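Please read this briefing alongside the model below; it begins with aromatic rings and then turns to the chain as a whole.

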Amino acid sequence: FPVTIGGCDSIPYPLDIFVFDSAVNCGVSKARSFMVGASNSSEYLLNRIDYYIEITRKNVSLQKFFRGWMIQDELTEAIPPAYTEYLGRRMREMGI
């Protein structure tokens with residue numbers, strides 16, 4: 001994929017990496033939608049996590065992928081500790 005995917009060449013580091021990864025995995029328009037209301041990388045990733053929670057809730061067959069989506073290196077390093085607790089509770093609620 002070219003670095004221009006999702007406009008990543010004009011986004012500051014490290015957000016550019018997260019947007020690129022999201023564009024590859026979720027599509028360019030979805031990657032851009034995660035930027036709405038996000039003022040930094042952590043907020044962007046929180047929007048992305050909420051998306052994964054929502055699609056998993058709507059389609060339970062995706063639960064087998066959910067843990068893998070959540071343990072990606074960039075997510076585990078950038079997620080604020082309070083959200084990690086929230087994520088753990090949500091995963092238990094979903095039986096994952």
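**Aromatic pairs and overall build**

Across the whole structure, a search finds five aromatic pairs, where rings of Phe, Tyr and Trp (its six-membered ring) pair if their centres lie within 6.5 Å, and planes under 30 degrees apart count as stacked, over 60 as edge-to-face and the rest as tilted. This is a predicted model, in which local features need pLDDT of at least 70 and side-chain atom pairs count only at pLDDT 80 or more, while totals for chains, interfaces and linings use all residues. Residues are numbered from 1 along each chain as its sequence is written, and side-chain values use heavy atoms, with hydrogens and water left out.

Aromatic rings

- F34 and Y44 form an edge-to-face pair, with 5.7 Å centre to centre and 75 degrees between the planes.
- This pair links distant parts of the chain, since F34 lies in the loop between α2 (28–33) and α3 (41–58) and Y44 lies in helix α3, 10 residues apart.
- Both F34 and Y44 are buried, a term that means under 20% relative accessible area, with exposed over 50% and partly exposed in between (1.4 Å probe, protein chains only).
- The ring centres of Y51 and Y52 are 5.6 Å apart and their planes are at 50 degrees, so this pair is tilted.
- Y52 has 3% relative accessibility and therefore counts as buried.
- One aromatic cluster is formed by F34, Y44, Y51, Y52, F65 and W69.

The chain as a whole

- The protein chain has six helices and zero strands, these being DSSP runs numbered from the N terminus (helices H or I, at least four residues; strands E, at least two).
- Of the 96 residues of the protein chain, 42% count as buried.
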